[in-house]
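The following note is meant for a colleague who is new to this structure. Please read the numbered points with the sequence and the model at hand.

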Amino acid sequence: MMRTRWRGAAHMTSAMTISAFTLIASCANSKSEATLKDDASTVPDARDAGEAAVDGADARDADAESTCDASDPDCTTHELSCAEAPWCPVSSPLDPQAVLTAVWGSGKTDVWAVGSNGTIMHFDGTAWKAMPAGIPVTFNAVWGSGPNDVWAACGPNVLFHSEGMHGASATWTNTPLTTEETRRGRAYTIWGTSPNDIRIGGEPAEMNDPETGVYSTFNLMRRTAGDAGPSWKFIEGVAAIHGIWGSSADDVWMIADNSEDVPWMRAMILHGTKAGDGADESWTPVDSQSSVVLDGIWGSSANDVWAVGDQGTIRHFSGGAARWDIVASPTSARLHAVWGSSARDVWAVGDSGTILHYDGAAWTASPAAFVLGKKPDLRGVWGSGANDVWIVGDGVVLHYTGPKSGAAGGEQ
């Protein structure tokens, strides 16, 4: 297990009010800080979903020649149409300066995307609409147990909850887990199995105990049901948790970067099992065979789990294995997220417009109809099925509706 600096008992708290200054200070940016702008002046206004989302696209087209070189693989120098490319940009109310970090849905007509500048958007099966949080922070994770229980996380003090869409709108309410002084503590991932079984992981946070004056360090928050109703518990740890996925509440995987505490420990993968309902997981490290940071994890079952990360790293776990397998990757770009509809249909996305697909035999690149210019970094992927998959990233929303008969696989 990772070494901890926990010096106090775990805390359970209820929703409380906290100042906007503290909210912004506690989790202003995501793990891709350089590209995110958390400025109140750029919080996107709700606009009609039919309006073009990326107003800056024309400007990028106009000077693409001056900003991109034909030999630069990070640039689109030849545009593909949506008839050629399987991934097509979709109009949305996304601020062109904003970054979408994560996407999740309960079904084809209920999809949520979150990101910088307090951005929250919803897709109802027809169009994307803005549902801004009203506070200029970066949400790095979104997840729900169903259409009426959705969570968006920035950190322990910026945890928004919604009961989903009611008519044409949704209400998001901040439910901070503590009013104590908290240092750092940005959340990176949410995963669960029910409204009463949710885990939120991120970089380590230090919370001051006013009674002792001692800071307690935690990196995982877990929601469980008790006699008095659902409550949250802070779990000790100093590694930055980048991803959580499980096949059930009793079989959970976690990827983490513990290099700040132990320099060589960048690619930790921990397997969590527990004895019964309400019990904390017992975490066992499993060799990732990686020396670079891992960002995304997903599986189709307990015996089929994928992890992706920096330098195009792809790892696979099969049931009963003593360690994760090294898998050949067609890219050296940093991969941020992975999702699939089955063991033979898996997608991974990353920097410079990287989209990879696994068909049960090998990973191959998949093209998108990007505009001319620098390709956007892609950060989240989710779908309701094999022919309904969404990718979000820097100023872009992409949709896959199935193979295209004229799909191109050449240079973009």
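1. The link of Cys-68 and Cys-75 is left-handed, with -80 degrees about the S-S bond. The sulfur atoms of Cys-68 and Cys-75 lie 2.0 Å apart and form a disulfide (a pair of cysteine sulfur atoms within 2.5 Å). Both Cys-68 and Cys-75 are buried (buried means under 20% relative accessible area, exposed over 50%, and partly exposed in between, with a 1.4 Å probe and protein chains only).

2. On the basis of the note: this is a predicted model, in which local features need pLDDT of at least 70 and side-chain atom pairs count only at pLDDT 80 or more, while totals for chains, interfaces and linings use all residues. Residues are numbered from 1 along each chain as its sequence is written, and side-chain values use heavy atoms, with hydrogens and water left out.

3. How many disulfides does a search of the whole structure find? The search finds two. Besides the link described above, Cys-82 and Cys-88 form a disulfide with their sulfur atoms 1.9 Å apart. The link of Cys-82 and Cys-88 is right-handed, with 75 degrees about the S-S bond. Cys-82 is partly exposed, at a relative accessible area of 32%, whereas Cys-88 is buried, at 18%.

4. The structure holds seven salt bridges (a side-chain nitrogen of Lys or Arg within 4 Å of a carboxyl oxygen of Asp or Glu). In one of them, Arg-186 pairs with Glu-203, and the closest N and O atoms are 3.2 Å apart. Arg-186 is in the loop between strand S11 (182-184) and strand S12 (187-194), and Glu-203 is in strand S13 (residues 197-209), so that the pair links distant parts of the chain, 17 residues apart (strands are DSSP runs of E, at least two residues, numbered from the N terminus). Arg-186 and Glu-203 are both buried.

5. Another salt bridge joins the side chains of Glu-281 and Arg-199 (2.5 Å, N to O). Because Glu-281 lies in the loop between S18 and S19 and Arg-199 in strand S13, this pair ties together parts that are 82 residues apart in sequence. Glu-281 and Arg-199 are buried. A network of salt bridges links Asp-197, Arg-199 and Glu-281.

6. Strands S18 and S19 also belong to an open sheet of four strands in the order S16-S17-S18-S19, with antiparallel pairing (two strands pair if DSSP finds at least two bridges between them). The edge strands, S16 (240-248) and S19 (282-285), each pair on one side only. Strand S18 (residues 268-273) and S19 run antiparallel and are joined by four bridges. Which residue of S19 is the bridge partner of His-271? The partner is Thr-284.

7. The count of aromatic pairs comes to 17 (rings of Phe, Tyr and Trp, the last by its six-membered ring, pair if their centres lie within 6.5 Å; planes under 30 degrees apart count as stacked, over 60 as edge-to-face and the rest as tilted). The rings of Trp-128 and Trp-390 have centres 5.1 Å apart and planes at 90 degrees, so the pair is edge-to-face. Trp-128 lies in strand S6 (residues 128-130) and Trp-390 in strand S30 (residues 388-393), so the pair ties together parts that are 262 residues apart in sequence. Trp-128 is buried, at 0% relative accessibility, and Trp-390 is buried at 0%.
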